[in-house]
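Student: I have just opened this structure and would like to find my way around. Could we go through it together?
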Amino acid sequence: MQRKTSGIILKNIRIGDKKIISKIYTENSGLQQYAIQFGTSPKSKIRLAHIQPLNLVELDVFEKENREIGRVHEIRISYPYRELNFNVFKNCISVFLNEVLVKTLKESEANPELFSFIRNSFIELDAHPGGYGGWHLYFLIELTRHLGFFPQENFLKGSFFNLLDGRFETHPPPHVHYLEKNEVVVFQQLISEALSYRYSPPSFEIRSLQLNLLLRYFNFHIPDCTDFKSLPVLQATLRG
């Protein structure tokens with residue numbers, strides 16, 4: 001079946017001189033894998049520049065029932081980034097968030113709200129003039145909302161945070177998967193102020209602690225969401 005869809009390039013696996021298998025998060029079908037034949041001349045319909053990670057694209061694809069890998073016939077960039085690939089800070093943030101998306105997006109079915117959130121977020125990051133040092137925190141906390149484990153906002157002073165149930169509790173839960181009181185203070189701040197982090201991020205030290213706590217929360221709900229290769233580069237860049 002041939003169809004058109006919008007997509008976000010996530011990851012490419014080279015399988016030949018001019019062929020890749022690309023993981024693409026699509027508006028119509030969720031996470032999909034497509035074989036893409038590309039050329040190297042300026043006149044080629046599909047070139048490597050079209051299929052770089054996080055490119056926002058329009059696709060003409062062919063999908064066959066009972067086959068895991070479809071084919072891309074044509075691809076067009078729907079939003080050409082102005083700064084995302086050239087601004088070192090924005091690029092480090094986007095590379096890290098792309099790695100998170102590769103590890104978290106699993107469903108091969110349409111989720112238009114999640115697709116729109118991801119697409120619009122990277123467009124906004126690309127266009128944003130400055131103050132984006134906390135953008136990744138805003139994005140990740142909003143991503144939990146779309147993935148179904150947004151923390152409950154039942155803030156309690158001097159409480160613990162139950163990672164299993166995603167809620168604040170007055171007493172430690174009967175397991176080891178929780179945040180201590182001193183950790184909860186900065187985690188509550190993140191949940192309540194994440195929206196403003198796009199424009200007015202807290203200090204680097206607070207951001208680092210919040211990110212570590214948030215990644216623990218992600219890893220608990222998505223077990224393979226760990227060992228991010230781009231994280232040290234992100235931290236070093238935003239520290240500077």
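Student: Among contacts with a separation of 6 or more, what share comes from residues 24 or more positions apart?
Tutor: Keep in mind that this is a predicted model. Contact here means heavy atoms within 4.5 Å. Counting the chain's contacts with a separation of 6 or more, the share from residues 24 or more positions apart is 59%.

Student: Which order do the elements of the chain follow from the N terminus on?
Tutor: The chain has 6 helices and 8 strands in total. Read from the N terminus, their order is β-β-β-β-β-α-α-α-β-β-β-α-α-α.

Student: Why can the chain be called as compact as a globular protein of that length?
Tutor: The globule rule gives 18 Å for 240 residues. The chain comes close to that value, so it is as compact as a globular protein of that length, with a radius of gyration of 19 Å.

Student: Which residue caps the N-terminal end of α1?
Tutor: Look for a side-chain oxygen 3.0 Å from the backbone nitrogen of F89. The residue that supplies this oxygen is N87.

Student: How are the rings of F96 and F228 arranged?
Tutor: There are 14 aromatic pairs by the rule used here. The ring centres of F96 and F228 are 5.5 Å apart and their planes lie at 70 degrees; planes over 60 degrees apart count as edge-to-face. So this pair is edge-to-face.

Student: How many residues apart in sequence are the parts that F96 and F228 tie together?
Tutor: F96 is buried at 0% relative accessible area, and F228 is buried too, at 8%. F96 sits in helix α1, while F228 belongs to the loop between α5 and α6. The pair therefore ties together parts whose separation in sequence is 132 residues.

Student: Which aromatic cluster do F149 and Y217 belong to?
Tutor: Both F149 and Y217 are buried. F149 lies in the loop between α3 and β6, and Y217 in helix α5. They belong to one aromatic cluster, made up of F149, F155, F161, F168, F187, Y217 and F218.

Note on methods
Residues numbered from 1 in each chain as written. Predicted model: local features only at pLDDT ≥ 70, side-chain atom pairs only at ≥ 80, totals over all residues. Heavy atoms only, no water. Polar contact = N/O pair within 3.5 Å; in protein donor to acceptor, adjacent residues only side chain to side chain. Helix = DSSP H or I, 4+ residues; strand = E, 2+ residues; numbered from the N terminus. Rg over C-alpha atoms; globule rule 2.2 N^0.38 Å. Phe/Tyr/Trp six-rings, centres within 6.5 Å; stacked < 30°, edge-to-face > 60°. Buried < 20%, exposed > 50% of the residue type's maximum accessible area, 1.4 Å probe, protein only.
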